[in-house]
Amino acid sequence: MTNFTRESLLKRPFNDFRNYPYGFSRSGDFSIRESDALTQYGVLISALLSGEYAPQNQEDDALLASARGEQAPTTLVEKAWAKYQARIHRPKVASMYGKGKFADESFGSGSAEDSEDDLIVED
């Protein structure tokens with residue numbers, strides 16, 4: 001296990017090319033201050049969550065507790081990380097132009113005549 005220092009983790013920029021290929025600031029999801037906070041503190045928070053870096057001060061403890069959901073985010077960095085997590089873990093929706101992974105399978109199984117008969121109400 002490699003020993004990291006807080007300064008070395010803060011110097012490395014955090015990027016998520018899978019979810020934000022053009023960066024946080026160009027996504028439209030985050031403000032400039034939030035994207036700067038994610039870029040600066042993201043590697044530190046990731047290392048804290050994975051256990052690669054042990055918390056060394058109260059700020060690290062607060063970041064870790066907030067990232068785990070043990071306390072409500074209070075600082076800009078904590079709020080930006082919570083917003084980032086909410087954005088990347090939001091549910092995916094199916095396309096309205098065709099069958100998707102989450103489309104209802106029973107929707108297209110009947111014929112046109114069957115669906116018209118269901119709509120006719122006889123007195």
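Q: At what angle do helix 2 and helix 4 pack, and how far apart are their axes?
A: In this predicted model, helix 2, which spans residues 32-50, packs against helix 4, residues 76-88, at an angle of about 80°, and their axes are 9 Å apart. Angles of 65 to 115 degrees count as roughly perpendicular, and helix 2 and helix 4 are therefore roughly perpendicular to each other.

Q: Which residues of helix 2 and helix 4 meet?
A: On the side of helix 2, the residues are Arg33, Glu34, Ala37, Leu38, Tyr41, Gly42, Ile45, Ser46 and Leu49, and they meet Leu76, Val77, Ala80, Trp81, Lys83 and Tyr84 in helix 4. Sorted by class, this contact of helix 2 with helix 4 has ten nonpolar, two polar and three charged residues.

Q: Is Arg33 buried or exposed?
A: Residues over 50% relative accessible area count as exposed, and Arg33, at 58% relative accessibility, therefore falls in that class. Arg33 is found in helix 2, and its C-alpha lies 9.1 Å from that of Val77, although 44 residues separate Arg33 and Val77 in sequence.

Q: At what angle do helix 2 and helix 3 pack?
A: Helix 2 and helix 3 pack at about 75°, with their axes 10 Å apart, which makes helix 2 roughly perpendicular to helix 3. Tyr41, Leu44, Ile45, Leu48 and Leu49 of helix 2 make this contact with Glu59, Asp60, Leu63, Leu64, Ala67 and Arg68 of helix 3. In terms of class, the contact of helix 2 with helix 3 has eight nonpolar, no polar and three charged residues.

Q: Which residues of the largest nonpolar core touch the most other members?
A: As a general idea, nonpolar side chains in soluble globular proteins tend to be buried together. The largest nonpolar core here has 21 residues, of which Phe24, Leu38, Leu44, Leu63 and Tyr84 touch the most other members. Helix 2, helix 3 (58-68) and helix 4 each supply at least two residues of this core, and the largest share, eight residues, comes from helix 2.

Q: Which residues does Leu63 touch, not counting residues up to four places away in sequence?
A: With those sequence neighbours left aside, Leu63 touches Tyr41, Leu44, Ile45, Leu48, Val77 and Glu78.

Q: How many helices and strands does the protein chain have?
A: The protein chain has five helices and zero strands, and its elements run α-α-α-α-α from the N terminus on. Of its 123 residues, 25% are buried. Considering contacts between residues at least 6 apart in sequence, 55% join residues at least 24 apart.

Methods: Residues numbered from 1 in each chain as written. Predicted model: local features only at pLDDT ≥ 70, side-chain atom pairs only at ≥ 80, totals over all residues. Heavy atoms only, no water. Axes fitted to C-alpha atoms, helices over the stretch in contact; angles between N-to-C directions. Helix = DSSP H or I, 4+ residues; strand = E, 2+ residues; numbered from the N terminus. Parallel < 35°, antiparallel > 145°, perpendicular 65-115°, else oblique. Contact = heavy atoms within 4.5 Å. Nonpolar A, V, L, I, M, F, W, Y, C, P; charged D, E, K, R; others polar. Core = buried A, V, L, I, M, F, W, Y, C linked by side-chain atoms within 4.5 Å. Buried < 20%, exposed > 50% of the residue type's maximum accessible area, 1.4 Å probe, protein only.
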